[in-house]
Amino acid sequence: MSKLLIVGTVAFDAIETPFGKTDKILGGAATYISLSASQFGVKSGIVSVVGGDFPKEYLKKLNDKNINTDGIDIIEDGKTFFWKGKYHNDLNTRDTLITDLNVLADFKPVVPEKFIDTDFLMLGNLHPSVQMDVIKQIPIRPKLVVLDTMNFWMDNTLPELMEVIAKIDVITINDEEARQLSGEYSLVKAAQKIQEMGPKYVVIKKGEHGALLFNDDNVFFAPALPLEEVFDPTGAGDTFAGGFIGHIARTGDISFENMKRAVISGSNLASFCVEKFGTERMENLTYDDIQERLLQFKLLTQFEIELN
């Protein structure tokens, strides 16, 4: 069984959308990534940090999904990273109301001995210096290193981010971030420029409009499934990343053809994430749910046409 190491935040979120609001609930990039990847039966572990206020039952939720939490440092006299946000009516824009770094501000990651020989490394959205610290702790380069990042790090830590980008195989960002990182409006040109920075593969997420996969001159597009109800988009991008790397870790195949399937798997898992607040839908997802929706994806894109 392949080993998958996930680096990212394990946190508290408080969310408000047009459909309701929550108090502090389980959140964080590594949480969504790991819950998504757990659907593929891989041996996964998290590197993160929480405070003494983090409920033990949250760790148990992860352990019950066969997610190793030995790499989650618990600072007993500290407080867990907290984010509060409010989404607008279209759910595509949001306002960040509170960001309390707390224990994350001084986080020094330590890769657990069990995962020092990890086959796959998923660098979730986090400070680039933390991501680089983890890369340096792994003596033998994993089969595939995937990075998820955002415009905040491009604005504030670009030199450190570029060092990380030079050492990875796949980057997953949204269309706005791809344009900012590359300085190109065309996503095709943007992907070409980003590949020159280091990654062999570029995945550009377009939310409700699907996702694009680039590798050299190869391009693949995966649609997003039209959904009747979307309650909360928080964590959808991380869930996509978890489905993407989870599929690859299960198959062990890093070819472009298999990455197409990984993009579909990521889109499939993300479509569930948005149906409930926080991690609720991902915690209760079943194998049958996933397979049934995969069939919907197939029917959505399958057609026959005669070429003259």
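Two strands pair if DSSP finds at least two bridges between them. Helices (H or I, at least four residues) and strands (E, at least two) are DSSP runs, numbered from the N terminus. This is a predicted model, in which local features need pLDDT of at least 70, side-chain atom pairs count only at pLDDT 80 or more, and totals for chains, interfaces and linings use all residues. Residues are numbered from 1 along each chain as its sequence is written, and side-chain values use heavy atoms, with hydrogens and water left out.

**View 1. Strand β2 and its partners.**
Strand β2 covers residues 11–17. β2 pairs with strand β4 (residues 25–27) in the antiparallel sense, over 3 bridges. Here F12 stands opposite L26 of β4. With strand β7 (residues 82–87), β2 pairs in the parallel sense over 5 bridges. D13 has W83 of β7 as its bridge partner. Strand β3 (residues 20–21) pairs with β2 in the antiparallel sense, over 2 bridges. E16 stands opposite K21 of β3. A hairpin of 2 residues links β2 to β3. In β2, 6 of the 7 residues are buried (under 20% relative accessible area, with a 1.4 Å probe and protein chains only), so the strand is largely enclosed by the rest of the structure.

**View 2. The open sheet of 9 strands.**
The strand order is β6-β5-β1-β9-β10-β11-β12-β13-β14, and the pairing is mixed. Strands β6 (67–75) and β14 (218–222) stand at the edges. Each has a single partner strand, so one side of each is left without a neighbour in the sheet. Neighbouring strands are turned by 15° against each other on average, direction ignored. Axes here are lines fitted to C-alpha atoms, for helices over the stretch in contact, and angles run from 0 to 180 degrees between N-to-C directions.

**View 3. Strands β9 and β10, with helix α3.**
β9 (residues 120–123) and β10 (residues 144–148) run parallel, joined by 4 bridges. M122 has V146 of β10 as its bridge partner. Helix α3 packs on the sheet and touches β1 (3–7), β9 and β10. Contact means heavy atoms within 4.5 Å. The direction of α3 makes about 165° with that of β9.

**View 4. Residue Q131 in helix α3.**
Q131 lies in α3, which spans residues 128–137. Its relative accessibility is 0%, so Q131 counts as buried. The side chain of Q131 reaches the backbone oxygen of G124 at 2.9 Å. Leaving out residues up to four places away in sequence, Q131 touches L123, G124, N125, L126, L147, D148 and V164.

**View 5. The whole protein, for orientation.**
The protein has 11 helices and 14 strands. Its radius of gyration (taken over C-alpha atoms) is 18 Å, close to the 19 Å that the globule rule gives for 308 residues, so the protein is as compact as a globular protein of that length. That rule is 2.2 Å times the number of residues to the power 0.38. The C-alpha trace spans about 70 × 45 × 40 Å along its principal axes. Of the 308 residues, 54% count as buried. Among contacts with a separation of 6 or more, 65% come from residues 24 or more positions apart. The protein exposes about 14400 Å², and carbon and sulfur atoms supply 49% of it. Accessible areas come from the Shrake-Rupley method with a 1.4 Å probe, and for residues only the protein chains shown count as cover.

Terms used
Buried < 20%, exposed > 50% of the residue type's maximum accessible area, 1.4 Å probe, protein only. Polar contact = N/O pair within 3.5 Å; in protein donor to acceptor, adjacent residues only side chain to side chain.
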